[in-house]
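Please open the structure in your viewer and keep the selection panel at hand. The tour below moves from the whole chain to a single side chain.

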Amino acid sequence: MPTFLGRRYMRGKPGRTERVFGVALLVFIVAIVLTFSLTTGLFGGWAGRSSLSNIVKRGLGISDQLLFTVDRAHIPPAL
């Protein structure tokens, strides 16, 4: 008995609509992952110096300003 992943595609080749939708979904997922990785500081200082990432950030409305600052008097000392 074949497993789920070992089965062949039952209808032959996927149709044009399925292929277009699949490519669009992959592009959307890649865009989300790239946006997340550029804005989280995963690439260090490179993303802040890159003009392409700055264009993308401005286009998406992502700010480099801090949302709030923490008063150091409220931070407990490290153990």
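Begin with the cartoon view of this predicted model, where the secondary structure of the chain comes to three helices and zero strands, so that reading from the N terminus on gives the order α-α-α.

Next, colour the chain by pLDDT, which averages 77, with 77% of the residues scoring at least 70. Select residues 46-49, helix α2, and you have the element with the lowest mean pLDDT, 68, whereas α1 has the highest, 87. Where pLDDT is low, the predicted coordinates should not be read in detail.

Of the 79 residues in the chain, 8% are buried.

On that surface, select Phe21, Leu25, Phe28, Ile29, Ile32 and Val33, which together make a nonpolar patch of about 600 Å².

Is Ile29 buried, partly exposed or exposed? Ile29 counts as partly exposed because its relative accessibility is 42%, a value between the 20% and 50% cut-offs.

Terms used
Residues are numbered from 1 along each chain as its sequence is written. This is a predicted model: local features need pLDDT of at least 70, side-chain atom pairs count only at pLDDT 80 or more; totals for chains, interfaces and linings use all residues. Side-chain values use heavy atoms; hydrogens and water are left out. Patches are made of residues with over 30% relative accessible area and no salt bridge: like charges are joined within 9 Å, nonpolar side chains (Val, Leu, Ile, Met, Phe, Trp, Tyr) within 5 Å. Accessible areas come from the Shrake-Rupley method with a 1.4 Å probe; for residues, only the protein chains shown count as cover. A salt bridge is a side-chain nitrogen of Lys or Arg within 4 Å of a carboxyl oxygen of Asp or Glu. Buried means under 20% relative accessible area, exposed over 50%, partly exposed in between (1.4 Å probe, protein chains only). Helices (H or I, at least four residues) and strands (E, at least two) are DSSP runs, numbered from the N terminus. pLDDT is the predictor's confidence in each residue, from 0 to 100.
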